[in-house]
Amino acid sequence: MGVTKKQFRSAMLASLLGWSFDLYDLFLLLFVAPTISLLFFPTSSPTLSLAAVYASFAVTLLMRPLGSAIFGSYADKNGRKKAMIVSVVGVGVSTAAFGLLPTVPQIGFMAAVIFLILRLVQGVFVGGVVASTHTIGTESAPPKYRGLMSGLIGGGGAGLGALFASITFAVVSALFPGESFNEWGWRVMFFTGIFGAVAGLFVFRSLSESPLWAQLREEKKESDQETVVVQKSPVKTLFTSYPRVLLINVMIIAGGGSAYYLTSGFIPTFLKVVNEAAPQVVSGVLIASSIVTIISALLFGHLSEVIGRKKTFILVGALNIIGLPYFYLALGESVTTLSIYMNTMGLVFLGNAAYAPALIFLNERFPTSIRSTGTGLSWNIGFAIGGMMPTFVTLTSGTIENIPHTLMYFSIAIFAVYLIGALIVPETKGNLK
């Protein structure tokens, strides 16, 4: 596989930014969840209103597998680059559209219905982003950098997306303080989603197609053998020939997705409703958390290149099943700014380590002809399960005071399953060809 340094850098930048734009758009909702709960899902119970917002978040996640099926098949048959451009632009435009929506005080319950419909549309495009960004970067990387690339795209992209969203939240909160944020600030937050779509178009112009996919296409042209084929139906091939692989993949990815959404994804709400932290403290913690996310993902992604994917999953699972319960309870009891920072950093570091090697692991589980479809569906089904966890946590907790203990029990159960998956999966390092 001949890849120039320029092609490698271009693929790395495109995958990293494509995924960060995607996560940026998703994080916007998490940052404005308390406001959205009042404007689109008002109830007499603050906990139920928050649960409704997270349910709308989960709806998007449930549509992501469909997006991966559609755009993954397109990427496997027509190339990763084309699928990436359409899906990233689609996510940005649909996110900006949220800023135009009428609220319940304006048009009644139809506001919630329109909100959910737009979330469904956004979810399809998000699934497409995963199918393309999570293959072209690692397929373009030299073998010794594939673990690092996995952490960079998966966790680094998430960290950058969260960092961009945190900075946006800090700026918009300052420009629209207090009640003005509930009136116009949240709309401005969503409008910024269009910048990701525009930036994506500029970045992707210089992107070369995946060398592995291009090689497969060339072999198809030069050979009449049936074994060299660009699959006509990657989704059908996946479910008929790789059902067990898909199931075991989901056990790992659901754990990583749950860890992500119950740490980085849940932290903005946790700090506001449990710790009742000031907005400037929340903004500072979220920015620091984004940096820790990137560090954790790079560290454990590269570790998987050193000791293997399987051993890394087992190590991370053991650390999380012990560490997350401790940090959840400690953060719930934190009253000083320093303790809030330290305990949040602990949660984010461990939680984001859980999926750092996952991207390259999934790539290594499937042949090039169905890799975008297989990786996209495995990732999105697992993260759809993980994305529903904040809803279950808020509903199960009943009251704000119970949230830390509920998170503790959920994390123990989730990582018990994660560890079972880690023990079952084979070592895949070196299988990407």
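**Figure 1. Lining of the largest cavity.** The lining residues of the largest cavity comprise six nonpolar, five polar and no charged residues; Ala, Val, Leu, Ile, Met, Phe, Trp, Tyr, Cys and Pro count as nonpolar, Asp, Glu, Lys and Arg as charged, and the others, Gly among them, as polar. The structure is a predicted model, in which local features need pLDDT of at least 70 and side-chain atom pairs count only at pLDDT 80 or more, while totals for chains, interfaces and linings use all residues. Residues are numbered from 1 along each chain as its sequence is written, and side-chain values use heavy atoms, with hydrogens and water left out. A search of the whole structure finds two cavities of 30 Å³ or more, and the largest holds about 70 Å³ of space. A cavity is a set of points, on a 1 Å grid over the protein atoms alone, where a 1.4 Å probe fits but cannot get out, and its lining residues have an atom within 4 Å of a point. Grid points are joined across faces, edges and corners, and the volume is the space filled by probe spheres set on the points. The lining is made up of F27, F31, A162, S166, S264, I267, L286, S289, S290, T293 and V348. Helices are DSSP runs (H or I, at least four residues), numbered from the N terminus.

**Figure 2. Nonpolar cores and the surroundings of I36.** The largest nonpolar core has 106 residues, and I36, F40 and W379 have the most contacts inside it. Helix α1 gives the most to this core, with 15 residues. A nonpolar core is a set of buried Ala, Val, Leu, Ile, Met, Phe, Trp, Tyr and Cys residues joined through side-chain atoms within 4.5 Å. Buried means under 20% relative accessible area, exposed over 50%, and partly exposed in between (1.4 Å probe, protein chains only). Leaving aside residues up to four places away in sequence, I36 touches L29, F41, V53, F115, W186 and F190; contact means heavy atoms within 4.5 Å. A second, separate core of five residues includes L238, V245, F366 and L377.

**Figure 3. Salt bridges of R80.** Five salt bridges are found in a search of the whole structure, each being a side-chain nitrogen of Lys or Arg within 4 Å of a carboxyl oxygen of Asp or Glu. R80 forms one with D76, with 2.7 Å between the closest N and O atoms, and both residues are buried. R80 also meets E139 in a salt bridge of 2.8 Å, N to O. Because R80 lies in helix α4 (residues 80–98) and E139 in helix α6 (residues 110–139), this pair ties together parts that are 59 residues apart in sequence. R80 counts as buried because its relative accessibility is 0%, and E139 likewise counts as buried at 0%. A network of salt bridges links D76, R80, E139 and R371.

Figure 4. The closest N and O atoms of the salt bridge between R309 and E364 are 2.7 Å apart. This pair links distant parts of the chain, 55 residues apart, with R309 in helix α15 (residues 309–332) and E364 in the loop between α17 (358–363) and α18 (371–387). R309 is buried, at a relative accessible area of 1%, and E364 is buried at 5%. Both partners are among the contacts of T428, which touches R309, F361, E364 and R365, residues up to four places away in sequence not being counted. T428 belongs to the segment after α20 and is buried, with a relative accessible area of 1%.

**Figure 5. M408 in helix α20.** M408 is placed in helix α20 (residues 403–424). With a relative accessibility of 13%, M408 counts as buried. Its contacts are P325, Y328 and L329, not counting residues up to four places away in sequence. M408 and G323 are 85 residues apart in sequence, and their C-alpha atoms are 9.7 Å apart in space.

**Figure 6. Backbone of E276.** E276 occupies the loop between α13 (267–273) and α14. Its phi is near 50°, a positive value in a residue other than glycine. Most residues other than glycine have a negative phi. At 65% relative accessibility, E276 counts as exposed.

Technical notes
1 Å grid on protein atoms, 1.4 Å probe; cavity = no way out; pocket = protein on both sides within 12 Å on 5 of 7 lines; lining within 4 Å. Helix = DSSP H or I, 4+ residues; strand = E, 2+ residues; numbered from the N terminus.
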